[in-house]
Amino acid sequence: MPIFARLGPYDRAILDRMSSRSPRRMVEYWAHEASFIRPEHHADLVPWQRRTWMGSFSSDRPGLRDLADRILDLLEASKPLTAREVTARLGHREAVDRSNWGWNWNSVKEALEALFAAGEVGSAGRTAQFERRYAPISRVLRIPAAPATTDPGSSAERLVEAAARAHGIGTVRCLADYFRLPVRVAASAVERLTGRGVLEPVDVAYWPGTQFLHADAPRPRVADGRALLSPFDSLVFERRRLEDLFGFHYRLEIYTPAERRRYGYYVLPFLLGEHLVARVDLKADRTTGRLLVRSSHAEAGAPPETAHELAGELCLMAGWLGLESVRVDPEGNLSLELAHAVRTRSRGT
């Protein structure tokens, strides 16, 4: 979705090729969340990985490290394997609580995720069932594993500069959040980068605090993009930045009880030019071949062309997803106008 927002209806198989074939143009790792990253960022991110809840070699699990060493020996001598395949090859048997679909890991999966977080193994790609295929990180990256002595200060500087290039402009908090660095670490890196002229402190009207502009950031006179943004798009995932820049309050309501949701289950903001002008709750209904717009809301001050432009983007997305049509449900202050715009576009094509 973030790539569709920038490129339009691209071939989704490109992602699999770029992440599973050597030389890899991107690899999986923990960045803001589970992400595709540039391979050169992997070694810099490992020292800052703190998601121990995804699997860690804690003192209360003394046997997990021994199991992990056995897994490493197996992976070194085999092709990339899924957690299920590793479990079978080790002959590992373990009773697992299946009552919670999201966290029914056995010890092998937990050890693999701890190795993944520690940067000792990587993902060589995904299966059709979206299972990671694990391999030693040196084989995934085709370079020696990152040394344990990677200087944290230098790695933080490289990550903060990459965040600044991606954002163009941002506060210390923005630049820290891009790769989930501690704010104090990012602040030190920003200070050093500013001293070298890589970043420039600036003052943006109506944006509290000090912002930092990358020296190579382009300065377009106007922005005329049109895009539906997923909740995990880097333009929107730092909610305070989003509100400071666009005056757009946004929260993901997946975990909000249905009766308390304001806009819907999986809501995408709609960017038109330099403003976020609407939001839609979308669902791809594969059984009927339709993209369902379960609710659609225009923001205050949205321009008259909002429904027309949004209809165009929804039809584009439906085609990209292999869906035949768009259906707009009568929920939200934009629904009637949007439904008319979708019908008009469908008749025209």
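Colleague: At the start of α6, which atom does a side-chain oxygen of Asn 106 reach?

Modeller: At the start of α6, that side-chain oxygen of Asn 106 comes to within 3.2 Å of the backbone nitrogen of Val 108; a polar contact is a pair of N or O atoms within 3.5 Å, where within protein one must be able to donate a hydrogen and the other to accept it, and residues adjacent in sequence count only if both atoms are side-chain atoms. This is a predicted model, in which local features need pLDDT of at least 70 and side-chain atom pairs count only at pLDDT 80 or more, while totals for chains, interfaces and linings use all residues. Residues are numbered from 1 along each chain as its sequence is written, and side-chain values use heavy atoms, with hydrogens and water left out.

Colleague: Why is helix α6 called largely enclosed by the rest of the structure?

Modeller: Buried means under 20% relative accessible area, with exposed over 50% and partly exposed in between (1.4 Å probe, protein chains only); 10 of the 11 residues of α6, residues 107–117, are buried, so the helix is largely enclosed. Among the buried residues are Lys 109, Glu 113 and Phe 116.

Colleague: What covers the buried residues of α6?

Modeller: The cover includes the helices α4 (62–76) and α5 (83–90), together with the strands β1 (27–30), β3 (121–126) and β4 (132–136). Just after α6, Gly 119 takes a positive phi of about 80°.

Colleague: How do you know that β10 pairs with β9?

Modeller: Two strands pair if DSSP finds at least two bridges between them, and six bridges join β9 (residues 267–272) to β10, the two running antiparallel. Leu 271 stands opposite Leu 276 in β10, and the hairpin has two residues between its strands, with Gly 273 in the turn at a positive phi of about 65°.

Colleague: What joins β10 to β11?

Modeller: Eight bridges join β10 and β11 (residues 290–298), again in the antiparallel sense; Ala 278 stands opposite Ala 298, and Lys 283 stands opposite Leu 292. Four residues separate the strands of this hairpin, where Gly 289 has a positive phi near 70°.

Colleague: What makes β8 and β12 edge strands?

Modeller: The open sheet of five strands has the order β8-β9-β10-β11-β12, with mixed pairing, and β8 (226–228) and β12 (325–328) each pair on one side only.

Colleague: Why is β10 described as largely enclosed?

Modeller: Eight of its 11 residues, within 275–285, are buried, so strand β10 is largely enclosed by the rest of the structure.

Notes
Contact means heavy atoms within 4.5 Å.
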